[in-house]
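Visitor: I am new to this structure. Could you take me through a few of its features?

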Amino acid sequence: MYAPKPTSRFILFSLLLLLLLTFLAPSLANEDVDDDIESLEELIALDEQEDAEGGHHETPSEAEFVSKAQRIVLELNNDNTKRAIDGNEYVLVLGYTPWDARSAELMPKFAEAATALKELGSSLLMAKIDAERYPKVAASLEIKGFPTLLLFVNGTSQPYTGGFSAEELVIWARKKTGVPIIRISSDAEASDFLKKHSVFVVGLFEKFEGSYYDEFTKAAEMDNEIQFVETSNAEIFKKLFPEFKPTNLFLGLVKSEPEKYTEYVMWFAEGTFSADGILQFLDDNKFPLTTVLTELNAARVYSNTNKLQVLIIAEPDDFKKLVEPLQDVARKFKSKIMFIFVDIREDNLAKPFLTMFGLEESEDPVVVSFNYSSSLKYLLESDTTPTSIEDFCSGLLSGTVSPYYKSQPIPDNKNMSILTIVGKTFDELVLNSHENVLLEIYTPWCITCETISKQMEKLAKHFKGLDNLIFARIDASLNEHPKLQVDDYPTLLFYLADDKTNPILLPTKSSTKELAALINKNLKAQHHEVRDEL
């Protein structure tokens, strides 16, 4: 069986400029500071200090500038980038372009996060760089796609791995800068915390020490997405987690959805309280029962491959009719299946999935699933109802739902010198055929496929009359079969009548005459009638 294997710091200053900097350093430094402050005042989002001062600003000292720059969004440019990154222990940089929609969506959340971090007294400097205006600077920071978030720790960058809401940005930034856990000691602190956080892990400990607490701390440091909070007061804990059962040790996850409170209970059964166990608990429960796919959370959703994913691709109005009963279905399969809603109107999100199933023109709700461990996909081929979705999910877990392979409608091949094969007819016309089959596998976007197609026409004409030889072609962009695994186009496979499981790969760069000779050679090996070479 033939199955090919699937598939930049700044420009150095001139000597003259260095000399100028040596002699004019004091005045230039002041000018640089003034320029940066002016830039900050223009770009900072939600700058409460500016409102409080009523628009009047006194020129701050350099120390005040540095302090302010650590708390608000700094616009990086050709002159200040190196100083900002080298002069601060922590710098979170957002690389963006004005025309990128995802950048536009992320920037206000980034500014909101900067304001929150400022209020928390974080030493993290939040900065952004317009990669279109300053391409060399962006390249030197190794910003290639947009938006890009990079954390610089003492000048060394590391990728951002958190979520993209303002809350998630704050959580990730605080964890990476030394504050993985928030300790709450009063009712007022609990009330204030609840106003700012909708998703968090809360732990109750009699003392903030010991092996259990060490595992809790380790999990908080390893996790990049969820805020961890701790308390030793049962009444405060009950305010954070109302569904609390009195005990000296308790851990729970709080979310803003119908299934709001989830207790970590596995450690009771297993007799262990481990960081790995806590992280697995979060992986199983951190997403809502039904997740709405967006441009900003797509990466997190796609990377969550420990479960089957069932996607409901539909108009929002159609999904609303399903959402309540679907919550009950999702709850039944919570530990095994992740349910995702995709707005069919969002081409960037929905079309790739629909294309994979050959359903680009669909206007009705589509329910599909992916098993990343086996690279298989599935389609609910009945009406979309809560009951049919539940049966579909049960079948996925039991293995009774057959994988889905795309296929065009069955064509009429009557009187055709080259048969058109589709997914549904691959078995009948190729694998189960008693004839030798030369199959051309192509795609519409393949530049060199046209040459092979013309050669196939000539070959079909030359060998016309041989009853035991069939010429055929299949469009691999619209048709699939589990035994046709090809990712290089065009491909020519010669299926001999007596061995359909091991097709012969013919060279597509051969001339028509060379291909005819190869066909004859293989037919002779079977002692069949042959045609002379072209």
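Guide: This is a predicted model. By class, the lining of the largest cavity has 7 nonpolar and 3 charged residues, with no polar ones.

Visitor: What volume does the largest cavity have?

Guide: Its lining includes Asp284, Phe287, Lys307 and Ala330. The space of the largest cavity comes to about 70 Å³.

Visitor: Which strand gives the most to the lining of the largest cavity?

Guide: Among the lining residues are Ile337, Met338 and Phe339. Strand E13 covers residues 337-343. With 3 residues, the strand that gives the most to this lining is E13.

Visitor: Which are the edge strands of the open sheet?

Guide: The sheet has 5 strands in mixed pairing, in the order E11-E13-E12-E14-E15. An edge strand pairs on one side only, and this holds for residues 290-292 and residues 376-379. The twist from one strand to the next averages 25°. The edge strands are E11 and E15.

Visitor: Which residue in E14 is the bridge partner of Val310?

Guide: Strand E12 spans residues 308-314 and strand E14 spans residues 366-371. The two pair in the antiparallel sense over 5 bridges. In E14, the partner of Val310 is Ser369.

Visitor: At what angle does helix H14 run to E13?

Guide: Helix H14, residues 316-332, lies across E11, E12 and E13. Another helix, H15 (residues 347-356), packs on the sheet and touches E12, E13, E14 and E15. The direction of H15 makes about 110° with that of E12. For H14 and E13, the angle is about 170°.

Key: Residues numbered from 1 in each chain as written. Predicted model: local features only at pLDDT ≥ 70, side-chain atom pairs only at ≥ 80, totals over all residues. Heavy atoms only, no water. Pairing = 2+ DSSP bridges. Helix = DSSP H or I, 4+ residues; strand = E, 2+ residues; numbered from the N terminus. Axes fitted to C-alpha atoms, helices over the stretch in contact; angles between N-to-C directions. Contact = heavy atoms within 4.5 Å. 1 Å grid on protein atoms, 1.4 Å probe; cavity = no way out; pocket = protein on both sides within 12 Å on 5 of 7 lines; lining within 4 Å. Points joined across faces, edges and corners; volume = space filled by probe spheres on them. Nonpolar A, V, L, I, M, F, W, Y, C, P; charged D, E, K, R; others polar.
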